[in-house]
Amino acid sequence: MPTCSQPKCGVAVTGACLEGHEQPCPHLVPDRATSGAVPFEPIDAATALAGALRPYRFHSGEKLTVSEASRVMNERAVRMVFCVGAQRAGKTTFLARLGEVFRKGLFRKVRFAGSKTLCAFERATWLATIPSGAVRPDTTRTQRRENDTFLHLRVHPEGEPWCHSDLLISDLAGETFPEAVASREFCAAQRALVRADHLVLFLDCDSLVGNAKRHSEFDNALGFLRQVSVVKHNPEALHVHVVYSRWDYVARHPQRQTHEDFCKLVEGRLTERYRNSFASLKFWRIAARPVELQPTDAEIQDLFSAWLETSPISCEPTINRITHPARDFSAFGEI
Ligand SMILES: Nc1nc2c(ncn2[C@@H]2O[C@H](COP(=O)(O)OP(=O)(O)O)[C@@H](O)[C@H]2O)c(=O)[nH]1
Ligand SMILES: [Mg+2]
């Protein structure tokens with residue numbers, strides 16, 4: 001419908017000209033849709049249909065499921081990190097701290113380039129924030145059903161924004177760690193472990209400084225590494241990082257030296273036993289949320305950088321993606 005340049009004319013609504021012109025009125029403004037002022041692109045029906053049918057996946061922001069992680073791995077090369085240790089060893093807090101360090105731009109050499117799981121990172125940090133109302137910083141307990149779910153991080157080296165690296169990080173619920181130590185079948189069923197490039201084994205310093213728990217903490221580490229060396233198809237490609245977590249329990253202990261010596265002893269025993277079983281075996285001292293001290297951010301960054309130093313498994317698919325693989329959840333290898 002044409003409109004009129006005269007403000008009081010109702011021709012666009014009623015069709016009646018204000019000045020009574022029967023011929024086309026000189027004040028009329030042509031209808032843009034019919035005048036050809038903005039031409040429409042003719043749309044090929046096949047293209048339109050293909051565009052409409054192509055799925056676009058939105059993520060909830062929560063941890064990725066196995067099939068979502070599988071899709072990410074199918075699209076690009078990914079490093080898989082598997083964190084394991086006793087309940088309350090500080091695994092989730094460590095991951096929350098990683099997210100915080102990135103969010104605050106504190107990382108020295110690496111920059112944040114995206115994450116499909118920002119809500120999950122926020123959730124891990126929430127009870128340490130003032131708005132949460134928690135009396136003191138805490139972390140919600142990781143549930144058993146969260147096993148084989150994944151945090152996602154995409155980063156790039158400082159000054160090289162085109163050079164992306166993707167990481168998927170899984171955190172075994174501490175309540176299931178005793179099962180992992182005791183049962184080979186349980187370990188073999190953890191897809192994050194079977195696919196992992198990096199294993200981060202947490203030894204809780206709160207347990208290491210106590211006579212009652214220190215030996216079982218060490219035995220569990222030995223036992224778990226034994227299971228890993230059996231269930232991994234290629235343990236010699238796995239990088240193992242042993243983290244003395246909640247390190248402030250050692251650092252502010254009156255007998256600090258005694259406990260540091262015990263950690264050295266553990267280090268020696270594990271190295272002697274597993275040096276040749278894995279691609280590498282390194283030890284870290286980390287306090288992600290220490291009492292009265294600063295988080296060991298430098299050590300946390302070094303551990304993260306060590307994950308990036310290894311090459312990711314290439315995802316160049318030689319065959320079509322297998323939508324329901326039974327064995328290989330990266331979905332482009334075995335069925
Ligand atoms: N003293 C101390 N406490 C910590 C540290 N990291 C985490 N925590 C606390 O230890 C508790 C258990 O941590 P969490 O990350 O849930 O352990 P997870 O069960 O291994 O995931 C929480 O109350 C944390 O606030 C640390 O470096 N030092
Ligand atoms: Mg946890």
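Two strands count as paired when DSSP finds at least two bridges between them. Strands themselves are DSSP runs (E, at least two residues), as are helices (H or I, at least four residues), and both are numbered from the N terminus. With that in hand, let us walk through this predicted model, in which local features need pLDDT of at least 70, side-chain atom pairs count only at pLDDT 80 or more, and totals for chains, interfaces and linings use all residues. Residues are numbered from 1 along each chain as its sequence is written, while chains are lettered from A and ligands numbered from 1 in the order in which they are written.

Now look at strand E6 (residues 165-171). It pairs with strand E5 (residues 151-157) in the antiparallel sense, over five bridges. You can find His-152 bridged to Leu-168 of E6, and Leu-151 bridged to Ile-169 of E6. Strand E3 (residues 78-85) also pairs with E6, in the parallel sense and over six bridges; here Val-78 has Asp-166 of E6 as its bridge partner. Six of the seven residues of E6 are buried. Buried means that 20 or more other C-beta atoms lie within 10 Å of a residue's own, exposed means 12 or fewer, and partly exposed is in between, with C-beta atoms placed from the backbone.

Two loops deserve a visit too. Most residues other than glycine have a negative phi. Arg-88, however, has a positive phi near 65 degrees and is found in the loop between E3 and helix H5. Arg-88 is partly exposed, with 17 other C-beta atoms within 10 Å. Asp-148, also not a glycine, has a positive phi of about 60 degrees; its place is the loop between helix H6 (118-126) and E5. Asp-148 counts as partly exposed because it has 19 C-beta neighbours inside 10 Å.

Finally, turn to ligand 1. The shell around ligand 1 receives three residues from helix H5 (residues 91-103), which gives the most.
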